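Let's look at a structure together and ask how we know what we say about it. Have a look around first, then we'll go through it turn by turn.

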Amino acid sequence: IAALRGALPADERRAAPVAVDAALLKAQAERLAAQLADNDAEASDVFAHNAELFRAAFGDEHFRKIDDAIRNFDFEPALAALHAALAATAP
């Protein structure tokens, strides 16, 4: 497996920084927050659809906390992690 990983090209998506559209981030984060607050299972679809945006804006650590909580249908901790991520990225 190690030899195969070494033969594959590097994942360039993670190496290149992605520009974050602040207005889009705000809109999608508000949408996600509302769904999480309502315990709406559609939150997982919103998060998945905007995964690249959220990962670029929040970084891997915050992204993983939100992702893990949503995957476990723990919407209250996911909402808290979303708020923490937004606070950490606020100018």
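Q: Which residues does alanine 81 touch, leaving aside its neighbours within four places in sequence?
A: Alanine 81 is in contact with Lys65 and Ile66 once those neighbours are left out. Keep in mind that this is a predicted model. Alanine 81 itself sits in helix 6.

Q: What makes alanine 81 count as buried?
A: Its relative accessible area is 13%. Buried means under 20%, so alanine 81 is buried.

Q: How far is alanine 81 from histidine 62, in sequence and in space?
A: They are 19 residues apart along the chain, and their C-alpha atoms are 6.8 Å apart.

Q: Why is helix 5 called roughly antiparallel to helix 6?
A: The two helices pack at an angle of about 170°, with axes 8 Å apart. Angles over 145 degrees count as roughly antiparallel, so helix 5 and helix 6 get that label.

Q: Which residues make the contact of helix 5 with helix 6?
A: From helix 5 the list includes Ala57, Phe58, His62, Lys65 and Ile66. From helix 6 it includes Phe75, Pro77, Ala81, Leu82 and Thr89.

Q: How many of the residues in the contact of helix 5 with helix 6 are nonpolar, polar and charged?
A: There are 14 nonpolar, two polar and one charged. Lys counts as charged, and Lys65 of helix 5 is among the residues in the contact.

Q: Where is phenylalanine 73?
A: Phenylalanine 73 is in the loop between helix 5 (51-71) and helix 6 (75-89).

Q: Why is phenylalanine 73 called exposed?
A: Its relative accessible area is 55%. Exposed means over 50%, so phenylalanine 73 is exposed.

Q: What is the phi of phenylalanine 73?
A: It is about 55°, a positive value, although phenylalanine 73 is not a glycine. Most residues other than glycine have a negative phi.

Q: Where else is there a positive phi in a residue other than glycine?
A: Asparagine 39 has a phi near 55°. Asparagine 39 lies in the loop between helix 3 and helix 4 (43-49). With a relative accessibility of 55%, asparagine 39 counts as exposed, because exposed means over 50%.

Q: How many aromatic pairs does a search of the whole structure find?
A: The search finds four.

Q: What makes the pair of phenylalanine 47 and phenylalanine 54 stacked?
A: The ring centres are 5.4 Å from each other, and the planes are 10° apart. Rings pair if their centres lie within 6.5 Å, and planes under 30 degrees apart count as stacked.

Q: Why is the pair of phenylalanine 54 and phenylalanine 58 stacked?
A: Use the cut-offs again: here the centres are 5.6 Å apart and the planes are at 10°, so this pair is stacked. Both residues lie in helix 5, four residues apart, which is about one turn of the helix.

Q: Which residues do the ring pairs link into a cluster?
A: The cluster holds Phe47, Phe54, Phe58 and Phe63.

Q: Which residues does glutamine 28 touch, not counting those up to four places away in sequence?
A: Glutamine 28 touches Val46, Asn50, Leu53 and Phe54. Its place is in helix 3 (residues 22-37).

Q: What makes glutamine 28 buried?
A: Its relative accessible area is 14%, and buried means under 20%, so glutamine 28 is buried.

Q: Why is leucine 24 called partly exposed?
A: Leucine 24, found in helix 3, has a relative accessible area of 38%. Buried is under 20% and exposed is over 50%, so leucine 24 falls in between and is partly exposed.

Q: How many helices and strands are there in the protein?
A: There are six helices and zero strands. Of the 91 residues, 29% count as buried.

Methods. Residues numbered from 1 in each chain as written. Predicted model: local features only at pLDDT ≥ 70, side-chain atom pairs only at ≥ 80, totals over all residues. Heavy atoms only, no water. Buried < 20%, exposed > 50% of the residue type's maximum accessible area, 1.4 Å probe, protein only. Contact = heavy atoms within 4.5 Å. Axes fitted to C-alpha atoms, helices over the stretch in contact; angles between N-to-C directions. Parallel < 35°, antiparallel > 145°, perpendicular 65-115°, else oblique. Phe/Tyr/Trp six-rings, centres within 6.5 Å; stacked < 30°, edge-to-face > 60°.
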